[in-house]
Structure formats: structure tokens, C-alpha cells
Amino acid sequence: MTLLRPRVRRLPLNAAAVLTVLVCLFPVYWMISTAFKPSRDIQSADPKLFPHTWTLDHFRTAVQADGFELFWRNSILVTLSSILLALLVAIGSAYAVARMRWKGRRQFMLMVFIAQMAPWESLIIPIYIISRDTDMLDRLPTLTLVYFMVTLPFSIVVLRGFIATIPPELEEAAQVDGCTRTGAFRRVALPLLAPGLMATSLFGFITAWNEFAYANFLIIKHQDSRTLPVWLSSFQNTFGTDWGATMAASTLFALPALVVFLLLQRHVTSGFAAGAVKG
């Protein structure tokens with residue numbers, strides 16, 4: 001009886017957890033199942049939970065749509081560039097805050113937290129005006145800089161907490177053996193930062209990969225510079241929305257983020273946990 005009581009007490013929590021997972025996953029399931037349904041079933045007045053007939057026509061429509069390969073290339077280029085740039089700057093900033101003592105360090109971290117809390121939508125108009133006045137509209141480097149700016153504060157916070165958990169004695173021992181401070185960091189601390197780097201990389205990837213508002217407002221005239229989130233809206237026209245093709249394109253669009261998360265999930269969990277602890 002004593003063993004059953006904790007299990008009985010956990011039943012409501014387990015049931016709530018299962019219900020939450022089902023509620024969160026149902027829209028994803030509906031998107032994928034709709035992508036495989038024939039158009040007549042999608043427009044039916046009596047929608048079916050499970051497709052009775054399967055088709056790949058919507059995926060063919062999505063793949064053969066104008067700009068499919070070009071927009072994939074643009075999204076991958078912008079996403080990877082912003083992640084690499086954010087990591088390079090965040091590593092140096094986080095190390096300076098976690099290891100060094102300098103005037104204004106606390107104020108710097110306060111500004112980083114304020115920048116992280118600022119809603120992205122509130123910056124659209126200022127960034128649009130700056131891009132227009134500097135002739136940077138309709139350019140992929142502009143999107144790269146915007147996504148870099150958005151992901152940088154989070155990257156600094158996470159990496160700063162992670163570096164603080166690494167004993168400084170490890171780097172000091174390497175310096176005693178003849179390494180410079182930079183060499184000690186590169187040989188000793190940087191390999192231990194792998195989980196934190198993967199956690200910040202995943203956040204940056206999801207942020208840049210899914211972002212729509214900036215890509216829609218900053219890329220206006222040059223359609224060839226648009227990214228995949230904007231491309232998804234191309235299946236809507238004056239005659240209505242091709243829901244089958246939209247769902248198929250959305251499924252293809254979600255696959256890279258899902259694959260990246262599955263590959264990094266173990267490191268991401270430890271990275272967020274370690275980054276939340278101050279050493």
C-alpha cells in the first residue's frame with residue numbers, strides 16, 4: 001500500500017502532462033494528416049480525424065512551386081550565418097563577463113537582459129527606417145544582422161552561466177603549463193562549452209528559421225531574396241487558399257527544425273540546466 005500511494009498521488013500530474021502533450025501535438029498531427037488528404041476530404045463539411053485516402057499530390061505542388069529551391073537556400077544561408085555570428089560574439093562577451101572583473105560589468109549584463117526582454121515586434125519600424133536610409137532593404141545580409149541581434153542577448157546569458165560553472169583552476173593549470181589565456185580557453189574551456197553552444201545554436205536556428213515578420217517587411221521588391229516563411233504565404237491567392245499545398249509546404253518547412261532538435265536534444269537539456277547555475 002505504501003508503494004501505491006505515491007503512484008496514486010502522481011496520477012493527476014501524469015494525466016495533466018499527457019493532456020498537455022496531446023493538446024500541443026494535435027495541431028502538428030492535423031497539419032501532417034491534412035498534407036496527405038485529397039482536396040475533396042480537406043474541403044469536406046465532415047472532417048475526418050484519420051485520412052481514409054492518402055495522396056502525395058500536395059507535396060508535388062509544394063516542391064514544384066516557384067522559388068522552392070531558392071527560398072530554401074536563402075533560409076539556410078541566413079539562419080546559419082546569424083547563428084555563427086551570434087556564437088562568435090557571444091562567446092567573447094560571455095567569457096569577459098564570467099571570468100574578468102571590469103567596471104560596468106553589471107550594467108552590461110543589465111542591458112543584455114533588457115535587450116532580451118524587448119519584444120521583437122516593437123523594433124520592426126526602427127529597423128525598417130534604418131535599413132531604408134542605409135539602402136539595406138531587400139538584402140539577405142540585413143536579415144542576417146537582424147536575426148543576429150535578436151539571438152545575441154540570449155546566447156550571452158546562457159553561455160555566461162555555463163562558463164561560470166567551469167572551474168577557473170582548469171585554465172590556470174593550462175597557463176602554468178605554458179598556454180596563453182586564449183590558448184587555455186580554446187584547449188580547456190571551449191570543449192566543455194559544447195552543450196551550451198548547442199543549446200544556443202538550437203535557439204538561434206528556431207528563431208531565424210521560423211521568423212516571418214522581418215523577412216516580410218525588409219524584403220519587399222526583390223522576391224528572390226525572400227525566405228521560406230514568406231514563401232508559405234504564396235499558396236494563398238484571389239481564389240482562396242490551397243490548404244493541401246500549404247500544409248504540405250509547412251510539413252517540409254518544419255522538418256529541418258525537428259531533425260536539428262532530435263540530434264541536439266540531449267546536449268540542449270544539459271546546456272540549459274548548466275547555463276542556469278551560477279558557479
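This is a predicted model: local features need pLDDT of at least 70, side-chain atom pairs count only at pLDDT 80 or more; totals for chains, interfaces and linings use all residues.
View 1. Residues are numbered from 1 along each chain as its sequence is written, and side-chain values use heavy atoms, with hydrogens and water left out.

To find the lining, look for S75, V78, T79, Y147, A208, W209, E211, T227 and P229. A cavity, on a 1 Å grid over the protein atoms alone, is a set of points where a 1.4 Å probe fits but cannot get out, and a lining residue has an atom within 4 Å of a point. The count is 1 cavity of 30 Å³ or more, and the largest cavity has a volume of about 30 Å³. That volume is the space filled by probe spheres set on the points, with grid points joined across faces, edges and corners. Which helices each supply at least two residues of this lining? They are α4 (68-99) and α10 (194-210), and α4 gives the largest share, 3 residues. Helices are DSSP runs (H or I, at least four residues), numbered from the N terminus.

**View 2. The second largest pocket is lined by residues from α1 and α13, among others.** A pocket is an open set of points with protein on both sides within 12 Å along at least five of seven lines. This one has a volume of about 200 Å³. Around it sit V28, M31, I32, T251, A254, L255, A257, L258 and F261. Both α1 (4-36) and α13 (243-275) supply at least two of the lining residues, with the largest share, 6 residues, coming from α13. The lining splits into 8 nonpolar, 1 polar and no charged residues.

**View 3. E171 and R99 join their side chains in a salt bridge.** A salt bridge puts a side-chain nitrogen of Lys or Arg within 4 Å of a carboxyl oxygen of Asp or Glu; for E171 and R99 the N to O distance is 2.9 Å. The pair ties together distant parts of the chain, 72 residues apart, with E171 in helix α8 (residues 168-176) and R99 in helix α4. Are these two buried or exposed? Both E171 and R99 are buried, where buried means under 20% relative accessible area, exposed over 50%, and partly exposed in between (1.4 Å probe, protein chains only). The model has 4 salt bridges by this rule.

**View 4. Two salt bridges bring together R132 with D133 and D135 with R139.** R132 and D133 meet at 3.2 Å, N to O. R132 is partly exposed at 45% relative accessible area, while D133 is exposed at 56%. D135 and R139 meet at 3.7 Å, N to O. Here D135 is exposed at 54% relative accessibility, and R139 is partly exposed at 37%.

**View 5. L110, M111, F113, I114 and M117 make a nonpolar surface patch.** The patch covers about 540 Å², with accessible areas from the Shrake-Rupley method using a 1.4 Å probe and, for residues, only the protein chains shown as cover. Patch residues have over 30% relative accessible area and no salt bridge; nonpolar side chains (Val, Leu, Ile, Met, Phe, Trp, Tyr) are joined within 5 Å, and like charges within 9 Å. F113 lies in helix α5 (residues 105-117) and is partly exposed, at 38% relative accessibility.

Notes: Ala, Val, Leu, Ile, Met, Phe, Trp, Tyr, Cys and Pro count as nonpolar, Asp, Glu, Lys and Arg as charged, and the others, Gly among them, as polar.
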